[in-house]
Amino acid sequence: MQTVNILWADDEIDLLKPHILFLSEKGYQIATATNGNDALDIFKTKDFDLVFLDENMPGLTGLETLSSIKTINPDVPVVMITKSEEEYLMEDAIGFKIDDYLIKPVNPKQILLTIKKLIDNKRLVSEKTSMAYQQDFRNLGMTLNENLSYQEWIDVYKKLVFWELELEKLEDAGMHEILTMQKAEANTQFSKFIEKNYINWIKDQDKAPILSHQLFKKKVFPSLQENVPTFFILIDNLRYDQWKIINPIITEYFRLEEEDTYYSILPTATQYARNAIFSGLMPSEMEQRFPKMWQNDEDEGGKNLFEEQFLEDQIKRSLKKDIKFSYHKILNYDQGKDLNESLNNLMGNDLNAIVYNFVDMLSHARTDMQMIRELANDDAAYRSLTLSWFEHSPLLELIKKLSQKRVKLMITTDHGTIRVKHPSKVIGDRNTNSNLRYKQGKNLNFNPKEVFQVKVPADAMLPKLHVSSSYIFAKEDSYFVYQNNYNQFVNYFNETFQHGGISLEEMVIPFLTYKNK
């Protein structure tokens with residue numbers, strides 16, 4: 001064990017010799033002082049890991065000594081020891097940022113427990129977390145080789161995210177590497193699972209998980225309540241792990257009523273998945289029902305311009321009645337502020353659908369802007385950037401305002417995103433779409449081992465642009481590059497966040513329901 005140096009200042013230090021001897025036998029190095037001035041002189045001479053400070057000493061008081069110690073080195077934990085339980089003393093000490101306090105008389109085990117809590121805690125947590133993951137690693141490894149159901153794949157992904165967030169707190173590169181390899185293996189097996197089952201899900205939706213186009217019908221409409229407006233907030237491109245880190249902030253204002261999941265349709269791209277959510281239809285059905293609104297990959301113009309009309313049609317089709325609803329798409333900070341200011345106007349609606357595009361913009365900025373590329377250079381940084389945005393966003397202000405009203409709050413997304421690492425060569429004509437995770441076109445040339453191909457688009461209820469059109473989807477963390485500008489593509493897009501293909505991150509989608517506290 002690395003030597004731990006502790007400074008203990010108490011005017012009755014002689015009475016504490018049994019405590020000091022006890023700690024010395026445990027391997028701790030204890031320096032002592034009988035007053036505040038001596039304590040400060042000693043504190044300046046060497047590096048200490050922890051300070052025990054008597055509140056009532058002659059000369060400098062414990063609080064005055066504490067203030068000086070924090071000026072010299074604010075990072076050293078300080079434990080205040082006091083005979084008094086007076087509230088003002090505790091408030092003053094906490095105001096000076098003490099790390100703990102003890103009431104006299106103290107016993108050696110109390111002191112030892114405090115040391116372990118403040119100094120050894122990080123090491124102990126690290127060891128226990130690493131050990132727990134090592135045990136779960138074997139269980140997960142065996143699970144991945146089983147014939148899992150769609151619900152079991154959701155459970156696997158949630159467990160992987162749990163360990164990713166737990167291990168992120170530790171400085172253990174070895175554990176991180178093991179987890180990264182296990183996530184990659186999980187995505188390999190998950191891609192095989194989707195290849196085997198996706199078309200069957202489309203053909204027999206009674207045996208399928210909830211898919212994008214069924215979200216309103218199965219999750220939103222049945223939950224609408226009379227005189228309680230439902231706010232359905234879709235944060236574009238929000239992965240399950242990103243939700244996990246913003247959820248603690250949301251639950252300061254709302255109680256999480258249900259954590260559920262659904263699967264995104266393919267392609268896991270905004271124009272397909274989000275239009276399917278609002279229309280309640282698969283892409284080929286949208287093309288047929290709304291020939292003037294549905295935009296195919298080859299068409300010019302925006303691909304998500306008619307979500308409000310799609311939602312209105314789905315409400316009439318599914319509910320067989322009119323309800324009062326609103327639709328807002330927030331593309332920038334000012335639009336978010338404007339929505340918040342008009343919140344009272346929405347309270348008379350049965351349903352308020354709000355799309356927040358920020359995370360998707362962040363994802364694309366991650367590709368296009370060098371500064372963002374550097375800020376979000378891995379998954380942990382990407383989560384951190386999402387958290388920072390959320391903490392300062394109009395969306396959080398909206399949630400705070402809604403918590404003061406009687407509402408039902410639903411938060412979800414349309415698809416996730418994955419950091420791509422492995423280029424996969426593809427050849428197509430000039431009409432082939434530009435998305436890096438899926439391609440549709442005629443006479444596509446590719447490595448069949450690296451893609452999931454849908455030869456007959458109708459099988460996946462996808463539009464067919466040409467007689468020989470087919471779709472291919474990138475699997476795991478691969479991305480499509482053209483042979484004639486291979487190096488340029490790789491240099492520009494490698495390690496960027498993309499969506500449209502098959503991975504746990506893109507397809508397993510959180511759907512959260514909150515209620516007022």
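So, the crossing of H6 and H9 is right-handed, meaning the near helix is turned clockwise from the far one by less than a right angle. This is a predicted model, where local features need pLDDT of at least 70 and side-chain atom pairs count only at pLDDT 80 or more, while totals for chains, interfaces and linings use all residues. Numbering starts from 1 along each chain as its sequence is written, and side-chain values use heavy atoms, with hydrogens and water left out.

Back to that pair. The axes of H6 and H9, which is residues 240-250, come within 10 Å and cross at roughly 55°. Axes here are lines fitted to C-alpha atoms over the stretch in contact, with angles from 0 to 180 degrees between N-to-C directions. Helices are DSSP runs of H or I with at least four residues, strands are E runs of at least two, and both are numbered from the N terminus. So H6 is oblique to H9; on this scale under 35 degrees is roughly parallel, over 145 roughly antiparallel, 65 to 115 roughly perpendicular, and the rest oblique. Who touches whom? On H6 we have Tyr-157, Lys-158, Val-161 and Leu-165, and on H9 Tyr-240, Asp-241, Lys-244 and Ile-245, with contact meaning heavy atoms within 4.5 Å. By class that's five nonpolar, no polar and three charged. Ala, Val, Leu, Ile, Met, Phe, Trp, Tyr, Cys and Pro count as nonpolar, Asp, Glu, Lys and Arg as charged, and the others, Gly among them, as polar.

Next partner: H6 (150-168) and H16 (379-391) have axes within 11 Å, crossing at roughly 90°. That makes H6 roughly perpendicular to H16. Glu-164, Leu-165 and Glu-168 in H6 meet Asp-379, Ala-380 and Arg-383 in H16, and those residues split into two nonpolar, no polar and four charged.

Now, pockets. On a 1 Å grid over the protein atoms alone, a pocket is an open set of points with protein on both sides within 12 Å along at least five of seven lines, and lining residues have an atom within 4 Å of a point. Of its 21 lining residues, Thr-180, Lys-183, Asp-379, Arg-419 and Lys-421 are closest to the centre. H6, H7 (173-203), H16 and strand E11 (418-419) each supply at least two residues of that lining, and H7 gives the most, with seven. The class count for this pocket's lining is four nonpolar, five polar and 12 charged.

Methods. 1 Å grid on protein atoms, 1.4 Å probe; cavity = no way out; pocket = protein on both sides within 12 Å on 5 of 7 lines; lining within 4 Å.
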